[in-house]
Amino acid sequence: MFRGYDLGESGFSETGCHVVTSKSNSEETVCSCNHLTHFAVLLDYNGSPGLTEEDETILEIITYVGLSPSIFAILLTIILYSYLTLVL
């Protein structure tokens, strides 16, 4: 069924999943599972056009906008944890 996957500790388990051959082709594999999980296929497109300077700028802005609240929340958590462990 799913050939070539490592079924070790961090590998993919076939339990509860099967390939739907009637909906699969050489470009797309459709699976049916009876449990909740997510799957990803990582691809390396060699020869694909790179990002433009505008794309890189937009991605950098998105990164900083996403990281700022995360860093603030982590610092707030550490401060509150430190304060509350001293008080209680």
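Modeller: Let's begin with a term: pLDDT is the predictor's confidence in each residue, from 0 to 100. We need it here, as this is a predicted model.

Biologist: Thanks! What does pLDDT average over the protein?

Modeller: The average is 78, and 68% of the residues score at least 70.

Biologist: Which elements have the lowest and the highest mean pLDDT?

Modeller: Strand E2, residues 31-33, has the lowest mean among the elements, at 82. Helix H1 has the highest, at 93.

Biologist: And where does pLDDT stay under 50?

Modeller: Look at residues 1-7. For that stretch the model has 16 contacts beyond four places in sequence.

Biologist: How do I read the overall layout? What pattern does the protein follow along the sequence?

Modeller: Go from one end of the sequence to the other and note each element in turn. Here that gives β-β-α, with two strands and one helix in total. The helix, H1, covers residues 53-87.

Biologist: Now burial, please. How many of the residues count as buried?

Modeller: A residue counts as buried when its relative accessible area is under 20%. By that cut-off, 5% of the 88 residues are buried. The protein exposes about 8,400 Å², and carbon and sulfur atoms supply 60% of that area.

Biologist: Which residues make the nonpolar surface patch?

Modeller: Phe72, Leu76, Leu80, Tyr83, Leu84, Leu86, Val87 and Leu88 make a patch of about 920 Å². Val87 is found in H1.

Biologist: Lastly, what share of contacts join residues at least 24 apart?

Modeller: Among contacts between residues at least 6 apart in sequence, the share is 5%.

Note on methods
Residues numbered from 1 in each chain as written. Predicted model: local features only at pLDDT ≥ 70, side-chain atom pairs only at ≥ 80, totals over all residues. Heavy atoms only, no water. Helix = DSSP H or I, 4+ residues; strand = E, 2+ residues; numbered from the N terminus. Buried < 20%, exposed > 50% of the residue type's maximum accessible area, 1.4 Å probe, protein only. Contact = heavy atoms within 4.5 Å. Areas by Shrake-Rupley, 256 points an atom, 1.4 Å probe, with all protein chains shown as cover. Patch = residues over 30% accessible without salt bridge, like charges linked within 9 Å, V, L, I, M, F, W, Y side chains within 5 Å. Salt bridge = Lys/Arg side-chain N within 4 Å of Asp/Glu carboxyl O.
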